[in-house]
Amino acid sequence: MEPGKVLHIWDRCKQNDRKAQAELYQLYASKMYAVCLRYARDNFEAEDMLQQGFIKVFNKGAQFEGTGVLEGWIRRIMVNTAIETYRRHKITFVSVESEAAVSTADSSHFSLGHMDYKDLLKLVQELPIGYRTVFNLYAIEGYSHREIAEMLNISEGNSKSQLSRARAWLRERILKMEELGI
Amino acid sequence: MKDQEIDDLFAKGLKDAESPAPAGLWAKIEAELPPTEATAKKPLVLWRYFAAAAVLLLCLGIGFRFFDAADPNLQAEGKAKLAQAEVTEPAISTPPQEAPVAAAALKPDVPQETTVKKKTAASKPGIVQLAKQESKPEVTPAALAQVETPRINHTAPLEAVLVLLDITPEESLNSTTAAAMAEVKPIQPLVNIIENEELMYAQQAKEEKKPRQSLLTKVLNGIAGNINLGPSDVQFSNDEEGNIRIDLTKSLARNRR
């Protein structure tokens, strides 16, 4: 869809036009749901994030000046919503180091090149919440450790160590899957 | 596998991915969004319903207020008020009868008394004037003159009177109050009017005695009261037994008489 039309929809969204809001949702829901899924533990949590995120988008519509890309702004809102979820769950889940067994279900012919979206998402979702959030923000969203430290209210060193642990955890999982695949 | 390889792998596979959002989520989001102009009409309609309900309640309230007027207690209250009005009415009309007496009392037998009377007139001008006004049509010219004199004189300076009597202001004050009390006495007791007294007591006693009666009993008792029988000849009661005893022979005998 061309940017002009998107901005027109966005203008109507800001005027609380329900039809335009529905159109905007249709436009970005699947992309944003994919973002939420990366940060969430499961589909239900991702659904909650997506819902809260879109409500924020429509309620704080006036804050988007139109200077940047609308999709990027909406994505940031989704990420912020995910971070809020992280803050809520940090206290309860930070100590729980998931020792989930290696899933063997769909890894008959496993190799890096053949890892599809579902496999990758599954791996990310299985990461402990701290690792998952930092890995998402650094490796996929592209934030620096300083930014991540500010966002999550942790030290930069903590962010770095969380990232390296996340990588190690993922590497181990991938290698095991490859072994099983071979 | 290097760090960068892992990062790239996931970034490539996940960054621009799309995943169909769960169905029905839009409805959930829509429910939490602020109401639009189209949906904003709802509260107004609701407000109208509330207004209608309030008006209905108000009407009911007023209706009940009037309905309550038919309540026996309130009726009794009303009757009592009516009786009071009846009592007070004659009381107002009494001064004409008593005024001549008051006027007679004002008559100067001794000079001292007159001066005292004058002072009372000065201290209680309202009462005396009222009495005078009421008495005017009935009293004789002589009496009128007697009543008139204090009214003219009570405007005269009090000091002059005190000099005449040779008493201190405090003493005079005491004497005047005593006189005032003596003056008021005949007007005060409203119950002294015999007819009214009877009216009051009889009414109140009746209200107290009255037991709960059904409509039928009321009607029958009304009839019984109108045929002028003795109190024990006809009796009606609300009891479950429902005995009615009428001594017809006696009533017939009385009617003949």
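## A tour of salt bridges and helices

Start in chain A with helix α8 (residues 156-181), where K176(A) and E172(A) sit four residues apart, about one turn of the helix. The model is predicted. Show the two side chains: K176(A) and E172(A) meet in a salt bridge, 3.8 Å from N to O. K176(A) counts as partly exposed, at 36% relative accessibility. E172(A) is also partly exposed, with a value of 45%.

Next, select R167(A), R171(A), D3(B) and D7(B). These residues are linked in a network of salt bridges. Side chains of opposite charge can pair when their charged atoms come close.

Move to helix α7 (residues 145-152) of chain A and pick E150(A) and R146(A). They are four residues apart in this helix, so about one helical turn separates them. Their side chains form a salt bridge at 4.0 Å, N to O. Are these two residues buried or exposed? Both E150(A) and R146(A) are exposed.

Now select E71(A) and K31(A). A salt bridge joins them, with the closest N and O atoms 3.2 Å apart. E71(A) belongs to helix α4 (residues 70-93) of chain A and K31(A) to helix α2 (residues 18-39) of chain A, so the pair ties together parts that are 40 residues apart in sequence. K31(A) is partly exposed, its relative accessible area being 23%. Over all chains, the structure holds 15 salt bridges.

Turn to helix α6 (residues 129-140) of chain A. How many of the 12 residues of α6(A) are buried? The count is 11 of 12, and α6(A) is mostly covered. Among the buried residues are I129(A), Y131(A), V134(A), F135(A), L137(A) and I140(A). R132(A) and N136(A) are buried as well, where buried means under 20% relative accessible area.

With α6(A) still selected, check its length between the end C-alpha atoms, which are 15 Å apart. At 1.5 Å a residue, the 12 residues should span 16 Å, so the two values agree. Then step just past α6(A) to G142(A), which takes a positive phi of about 90 degrees.

What is the make-up of residues 46-67 of chain B in helix and strand? The span is 100% helix and 0% strand. The end C-alpha atoms of residues 46-67 of chain B lie 31 Å apart.

Notes. Residues numbered from 1 in each chain as written. Chains lettered and ligands numbered in written order. Predicted model: local features only at pLDDT ≥ 70, side-chain atom pairs only at ≥ 80, totals over all residues. Heavy atoms only, no water. Helix = DSSP H or I, 4+ residues; strand = E, 2+ residues; numbered from the N terminus. Buried < 20%, exposed > 50% of the residue type's maximum accessible area, 1.4 Å probe, protein only. Expected span 1.5 Å × (residues − 1).
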